[in-house]
Amino acid sequence: MAIELTPLPLPASADPSYFVNFGREVKGVNPGELTQAQFSEIYDALYKHDILLFRNVALAPEQQYALTKAFDPQSESYGHGNNKIESMKRSILHYIKAIPRVPQVQLIGNGTVTDHEGLATASLKHPSHTTFHKTRVSEEDEAKGYTRFCRWHIDAALYEYNPSHVTTLYGITVPKGDRQTVRYDDGTGDELPVPLAPTAFVLGKTMFDILPPEFKSLAVRASVQYAPHPYVWMAPARALPTGLGIVSEGLELPTGELPSWEESKIKTFPMLWKNPVTGSLHFQVHSWAAQELIIKPLPAGVKRDDALYPDGTHIKDLAEVRALLYTMQRPAIAPQLVYPHEWQEKDLILFHNRGLLHSVIGALGPDQGRVFHQCNLAASDVPVGPAEDDVLKWA
């Protein structure tokens with residue numbers, strides 16, 4: 001049976017004109033038992049459509065690891081290092097637990113899980129805005145179904161390890177409950193109706209495409225330097241109500257109080273990452289972890305009218321870094337540009353981690369079970385930024 005690709009149904013809130021090539025459901029193939037020819041089709045499809053959905057899949061952790069690794073055969077460890085997150089109790093990611101026999105696959109979700117893939121018992125907690133935002137939806141409004149995005153991000157350690165090419169997310173147990181409404185709470189009045197506990201995605205390509213010319217010029221010339229051990233560094237701070245970045249109050253841990261770190265392991269990546277199949281530029285910045293911006297000067301002969309930082313600059317003021325990134329990224333999380341995936345049990349999603357930002361949504365009670373397996377692998381290479389012709393085109 002030939003592989004069949006059908007467009008993912010979009011919610012009524014989405015503007016279809018921005019999702020023409022986005023997302024495909026894959027039929028006619030078992031993702032745990034792909035032939036080389038089938039995988040080649042899946043590889044191209046993922047980078048063309050950014051998300052692939054397989055329904056009603058039975059997938060062992062070993063198969064999930066093998067599938068994820070196939071996109072980068074030189075990769076070996078989980079994206080944050082095997083078994084490293086659980087040893088860093090101060091990290092905001094401490095809720096993630098590794099499957100013992102396949103530590104590259106992580107157990108995430110909500111509620112208590114027993115006798116699961118070698119884990120006698122595991123207490124899982126669905127990450128929620130209520131524990132990490134500067135402000136929160138009131139309990140009264142939460143009871144009415146209002147919630148927020150938790151944290152817009154890329155799956156990446158952003159220190160020592162390179163961001164994964166692909167993340168695979170397998171829904172084993174999906175909570176049932178009423179639909180909710182995401183409130184942005186940033187003065188815009190923006191809201192987004194969503195199912196219970198979806199995963200929301202936005203396209204990095206769209207994030208770049210909708211920028212005005214002066215910000216396109218900046219983006220094509222810019223790189224982002226990330227903090228050492230960023231998920232420990234940011235832990236005392238609190239996030240904006242949109243989940244897109246952190247409030248600058250000077251609460252980040254001083255570098256001297258972080259776990260041991262090395263200058264050589266600090267990561268600096270381009271602001272734009274190039275799609276290996278389509279050649280498109282994707283705005284891929286994890287604003288929570290960003291510490292500095294390095295902007296190159298305009299190329300010789302390029303018009304300087306209205307250009308931002310035409311002579312280049314190195315922005316080290318954290319509040320300035322965050323304000324600039326927020327201005328550039330916020331338009332792309334507008335309700336009409338968000339795809340909130342409504343999970344069904346045994347859904348398997350592959351997503352282009354170097355081409356999308358994503359966030360979990362909602363708050364779950366202890367009796368609302370959610371069990372997922374997640375796999376992303378520290379890449380064997382760094383993201384490729386704009387080529388010289390891209391810089392000349394957009395600068």
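## Strands first, then the core

Start by selecting strand β9 (residues 180-183) together with β10: the two pair in the antiparallel sense over 4 bridges. Pairing here takes at least two bridges found by DSSP. Strands and helices are DSSP runs numbered from the N terminus, a strand being at least two residues of E and a helix at least four of H or I.

Before you click on, keep in mind that this is a predicted model, where local features need pLDDT of at least 70 and side-chain atom pairs count only at pLDDT 80 or more, while totals for chains, interfaces and linings use all residues. Residues are numbered from 1 along each chain as its sequence is written, and side-chain values use heavy atoms, with hydrogens and water left out.

**Stop 1: around β10**

Within that pair, Val182 has Leu192 in β10 as its bridge partner.

Now move to Leu196, in the loop between β10 and β11 (199-203). Is Leu196 buried or exposed? It's buried, at 12% relative accessible area; the cut-offs are under 20% for buried, over 50% for exposed and partly exposed in between, using a 1.4 Å probe and protein chains only. Show the contacts of Leu196, leaving out residues up to four places away in sequence, and you'll find Pro175, Lys176, Gly177, Asp178, Arg179, Gln180, Leu364 and Gln368. Contact means heavy atoms within 4.5 Å. Try the distance tool on Leu196 and Leu364: they sit 168 residues apart in sequence, with 8.7 Å between their C-alpha atoms.

**Stop 2: a hairpin and two positive phi values**

Next, select β5 (residues 102-116) and β6 (residues 119-124), antiparallel strands joined by 5 bridges. Val113 is partnered by Ala122 of β6. The hairpin has 2 residues between its strands, and Glu117 takes a positive phi near 45° there. Glu117 counts as partly exposed, at 27% relative accessibility.

For another positive phi in a residue other than glycine, jump to Lys346, where the value is near 75°. Lys346 is in the loop between β18 (339-341) and β19 (348-352) and is partly exposed at 37%.

**Stop 3**

Zoom in on β12 (residues 222-226) and β16 (residues 290-295), linked by 5 bridges; Gln225 stands opposite Glu292 in β16.

Of the 9 residues in α5, 7 are buried, including Phe215, Leu218 and Val220.

**Stop 3: the core**

Show Phe149, Trp152, Met271, Phe283 and Met328: they have the most contacts inside the largest nonpolar core, which has 60 residues. Such a core is a set of buried Ala, Val, Leu, Ile, Met, Phe, Trp, Tyr and Cys residues joined through side-chain atoms within 4.5 Å. The largest share of this one, 5 residues, comes from α7. Beyond its neighbours within four places in sequence, Phe283 touches a set of residues with Met207, Phe208, Leu211, Ala219, Met271 and Met328 among them. Apart from that core lies another, of 19 residues, including Ala14, Phe22, Trp343 and Phe351.

**Last stop: zoom out**

The whole protein has 8 helices and 21 strands. Buried residues make up 58% of its 395 residues. Its C-alpha atoms fill a box of roughly 60 × 50 × 45 Å along the principal axes.
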